[in-house]
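Hi,

Have a look at it first, then read on.

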Amino acid sequence: MSKKFLLYGHGGSENHGCEAIVRGTVDILSKEFEGSSFVLAKQDSKLGLDGEVGLPVESILLQDEIGKFSLKFVIAGAKYALTKSRETFYRFKYKNLLSFLKKSKVDAAFSIGGDNYCYGMHNSLYYLNSMLRSKTKRVLWGCSIEPESLKDPELVKDLDSLDLIVAREPITYNALSEALKNAKVILRPDPAFALKAVKKPLPESFNGKTVVGINMSPVVSHVVDERDITFENYENMMAYILENTEHSILLIPHVTWAKNDDRTVMSRLYEKYKESGRVHLISKFDTCEELKGYIAQCDMFIGARTHSTIAAYSSCVPCVVVGYSVKADGIATELFGTTENYVIPSQDLKEADALTNAFIWLDENRKDIKDHLEKVMPGYIESAFSAAAAVKDILGERE
């Protein structure tokens, strides 16, 4: 029953949504495949994932960045000039992975970058999927894909070659089911719904008050007439909360990559309102489980990063999503039957009070929303674990 699984296709766990996917995936698969081992990206070892999951884990450098002035780049460039094949670069980039696969058998490889196909990474994914085809079963795990992109025949051909695709929301599932003929496609929740929470104490100054959790990300910034209208929306919402309620505010980042760090924008919000004594920024933490623990102790949550909102949903915390892709709409639709009020597309924040109005609605309806989540979430999380049965099917081990 024990297997070896490779997890690839994500940018490392400094994006704590990626970390949540890794941890959730390990929990889901290890429950069905006892004694299994996992191969993780080297980046994940920074957060101790290779020593914390309680299972056999090894980490490798899945991709090697090729500097533009390096000898590798010059050699790859020369070969590309002769062959006109992009694979020349990818062989250099993924040489560590290729070397690993030559000496180590992997039962299934899971592409876990949930929305990679939304962000123009197709050529790299095409190469990896083609390279892995003769070596192992290939699974696209917990994905979201814009239906419009499935008009691309090369993309459809690549997806249709996979052994299993697990869509994490119904918009993607329906589009893939219609577009593909060969790949097995199922609908299951994002594996991060299975993530455990580790609760650390909230600031003493909160003193048992209602807590509003807030996540903002640089990716939702939207400039109108040289104004960052998204940032203004967050400012105005916080000002409203502080002036018109007794609630405390907990600012919770979820991605800490050097070039895409939530703390860069959230620290500005904190500095503006810290003198109130009712605003706190979570700036130091160790894992996404701790972040989920903070979110789970909030009474309401407004978030931009998808996996911060998944942490809220799975903890039955009423939530409004500042959305920027199909994944936000799809998950809300599956949970609530609608996106209305639950998702505000970041590009729709054209008026500076739009997010304030969303918060007011959330505050007025939070009891009903919490009641609904408490009814549906246990079964929804259990459904996330059932995705492992489909893996058994493609491995030919279903009883």
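A definition before anything else: a residue is called buried when its relative accessible area is under 20%, exposed when that area is over 50%, and partly exposed in between. On that basis, 56% of the 399 residues in the protein are buried. Please keep in mind that this is a predicted model.

**The overall picture**

The protein has 15 helices and 17 strands. If you take the contacts between residues at least 6 apart in sequence, 71% of them join residues at least 24 apart.

**The sheet**

One thing to pick out on screen is an open sheet of 6 strands, paired in parallel and running in the order E14-E11-E8-E15-E16-E17. At its edges stand strand E14 (279-281) and strand E17 (343-345); each has a single partner strand, so one side of each is left without a neighbour in the sheet. On average, and ignoring direction, neighbouring strands here are turned by 15° against each other.

**Salt bridges**

Side chains of opposite charge can pair when their charged atoms come close. In this model the count comes to 18 salt bridges, and I'd start with three of them.

The side chains of Arg23 and Glu289 form one, with 3.6 Å from N to O. It links distant parts of the chain, since Arg23 sits in helix H1 (residues 16-32) and Glu289 in helix H11 (residues 288-296), 266 residues apart. Both Arg23 and Glu289 are buried. They also belong to a network of salt bridges that links Glu19, Arg23 and Glu289.

Next come Arg138 and Asp163, whose closest N and O atoms are 3.8 Å apart in their salt bridge. Arg138 is in strand E5 (residues 137-143), while Asp163 is in the loop between helix H7 (153-160) and strand E6 (164-167); the two are 25 residues apart. Which class does Arg138 fall into, buried or exposed? Its relative accessibility is 2%, so Arg138 counts as buried. Asp163, at 24%, is partly exposed.

Lys200 lies in the loop between strand E7 (184-187) and strand E8 (211-214) and Glu290 lies in helix H11, so the pair ties together parts that are 90 residues apart in sequence. Lys200 has a relative accessibility of 31% and counts as partly exposed, whereas Glu290, at 9%, counts as buried.

**Two helices side by side**

Now for H12 and helix H13 (residues 326-336). Their axes come within 11 Å and cross at roughly 15°. Angles under 35 degrees count as roughly parallel, and therefore H12 and H13 are roughly parallel to each other. The crossing is right-handed. On the H12 side the contact is made by Thr306, Ile310 and Tyr313, and on the H13 side by Lys327, Ile331, Ala332, Leu335 and Phe336.

**An enclosed helix**

How many of the 8 residues of helix H15 (residues 387-394) are buried? The number is 7, so H15 is largely enclosed by the rest of the structure. Its buried residues are Ala387, Ala388, Ala389, Ala390, Val391, Lys392 and Ile394. Just after H15 comes Gly396, which takes a positive phi of about 70°.

Cys316 has a positive phi of about 60° and lies in the loop between helix H12 (306-314) and E16. With a relative accessibility of 12%, Cys316 counts as buried. Asn207 has a positive phi too, near 50°, and is found in the loop between E7 and E8. At 65% relative accessibility, Asn207 counts as exposed.

That's what I have for now.

Cheers

How values were computed: Residues numbered from 1 in each chain as written. Predicted model: local features only at pLDDT ≥ 70, side-chain atom pairs only at ≥ 80, totals over all residues. Heavy atoms only, no water. Salt bridge = Lys/Arg side-chain N within 4 Å of Asp/Glu carboxyl O. Helix = DSSP H or I, 4+ residues; strand = E, 2+ residues; numbered from the N terminus. Buried < 20%, exposed > 50% of the residue type's maximum accessible area, 1.4 Å probe, protein only. Pairing = 2+ DSSP bridges. Axes fitted to C-alpha atoms, helices over the stretch in contact; angles between N-to-C directions. Parallel < 35°, antiparallel > 145°, perpendicular 65-115°, else oblique. Left-handed = near helix turned anticlockwise from the far one by under 90°. Contact = heavy atoms within 4.5 Å.
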